[in-house]
Amino acid sequence: MKGLKLIMKKTIKLLSVIFLILIFILNFSICLASSDMPDITAEAAILIDSSSGKILYGKNENERMYPASTTKILTAILAIENCNLNDVVTVPYEAISSIPSGYTVVPLQVGEQLTVYQLLQVMMVHSANDAANVLAYHISGSIDSFATVMNNKIAELGLKNTHFCNPSGQHDENHYTTASDLAIIMQYCMKNSTFRSLAGLKSCILPSTNKSSERVFTTTNDLLTYDNREVASNYYYPYAIAGKTGYTTAAKNCLVSVSNKDDFELICVVLSVGIYPNNLSGKFIETKKLFDYGYSNYMIKKLREKDAIATSIDVTGGTKETKNLDLLLSNDITAVIPQNVSDESYEPEIKLEDNISAPIYQGQILGKIVYNIDGIEYSADLKAAHNVDISSFFKLAIQTVLVILILYFLYLLLFDDSKNKKYRKKFKKNSYKM
């Protein structure tokens, strides 16, 4: 018995040790998983898939913040949509006289002439506030009128937490947005090829004008350019393709940027970022962290291919040879999914039209296939793989029903005495009144 008790004690101790080891491993795994989330100091941030708008990371993304010069993203798209890029603009006094000292300028001179495209270049590359104001005057005649155009566009995009007072991001208590709204604005802008080109410029040249000699500017977005300087070398991101920086004392450092890795395009917004140790700029470092987080934890996956068979149906009234019909996808379905989740775990919903019957023509749309993943719908129309001919019996049945209906209405019209009597009575009554 003593020997058995000793064995039992040793077994219990061994199991206890194993149990403690398992707890340690589990806790360590949880710590690893939680540490995978980027640790950033920005007061507000968001990372989204550019195609679907799916949020991959968010921090206070719906909190109202000051956007500083990231405002110029909206100014740029409005100029592109409302102007001829080759139009020559003359700089008015009012556009440049209202800019406080300390704000970035070209500087432009009263009466200086530049094209809309040149103003856009220096506004996006150098973040020139005077160029933004000149564009506003060219489009709307004043800063206030242009602000109305901006807010109309904001309303058109369905944004509820953004209100702009000027084209440059000059500080104003009523000039605010959110990380989420800025990401949506950037998503909209990136659909325009001219904007994509402007937002990705690493430098620009203003040729000599009637008031100045040639000027060269380099981008304020250090994600786009590699610099051998010790500090700036921390900022370059090889997949970055576009962006706009911003800074005011109230807004702190801001950055809206876009990266593209193997056709997986992400939009990142960081707002109100402080300075890192060693005088490093946190807006670039934290943006890189968020991009790396997105590409490390998510992937763009083709769930179904164009022309793949989604389902098969038997079509009512079809001939024996053609009634069995495959429904094919009209396009690829591509979704953003976590890397640790198999795409096979997502089940689609098939939505078919009511009362599908012959005849049907090849390519005819008969329904839709929908994947709902984390609140985002990815879908494709379902089209007929071939013609479905109407069967002779079904055709005869339809013809017979039509003939019966026609005969019935003729009968009601010609031989239904009760209706004819009512008609005659009504006719007599009307005649008497006359």
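Visitor: How many bridges join strand 8 to strand 9, and in which direction do the two run?
Guide: This is a predicted model, where local features need pLDDT of at least 70, side-chain atom pairs count only at pLDDT 80 or more, and totals for chains, interfaces and linings use all residues. Residues are numbered from 1 along each chain as its sequence is written, and side-chain values use heavy atoms, with hydrogens and water left out. Strands (E, at least two residues) and helices (H or I, at least four) are DSSP runs numbered from the N terminus, and two strands pair if DSSP finds at least two bridges between them. Strand 8 (residues 252-261) and strand 9 run antiparallel, and the bridges joining them number eight.

Visitor: Which residue in the hairpin of strand 8 and strand 9 takes a positive phi?
Guide: Ser259 stands opposite Leu266 in strand 9. The hairpin has two residues between the strands, and the positive phi, near 55 degrees, belongs to Asp262.

Visitor: Which residue of strand 9 does Ile46 stand opposite?
Guide: Strand 1 (residues 44-49) also runs antiparallel to strand 9, with six bridges joining them. Opposite Ile46 stands Val269.

Visitor: Why is strand 9 described as largely enclosed by the rest of the structure?
Guide: Buried means under 20% relative accessible area, exposed over 50%, and partly exposed in between (1.4 Å probe, protein chains only). Cys268 counts as buried, at 0% relative accessibility. Strand 9 (residues 264-273) is largely enclosed because its buried residues come to 10 of the 10.

Visitor: Which element gives the most to the lining of the largest pocket?
Guide: A pocket is an open set of points on a 1 Å grid over the protein atoms alone, where a 1.4 Å probe fits, with protein on both sides within 12 Å along at least five of seven lines; lining residues have an atom within 4 Å of a point. The largest one holds about 290 Å³, and the closest to its centre of its 20 lining residues are Ser69, Thr104, Ser127, Gly246 and Tyr247. Two elements give two or more residues, helix 9 (282-297) and strand 7 (240-248). With four residues, the element that gives the most is strand 7.

Visitor: How many disulfides does the count come to?
Guide: A disulfide is a pair of cysteine sulfur atoms within 2.5 Å. By this rule, the count is zero.

Technical notes. Points joined across faces, edges and corners; volume = space filled by probe spheres on them.
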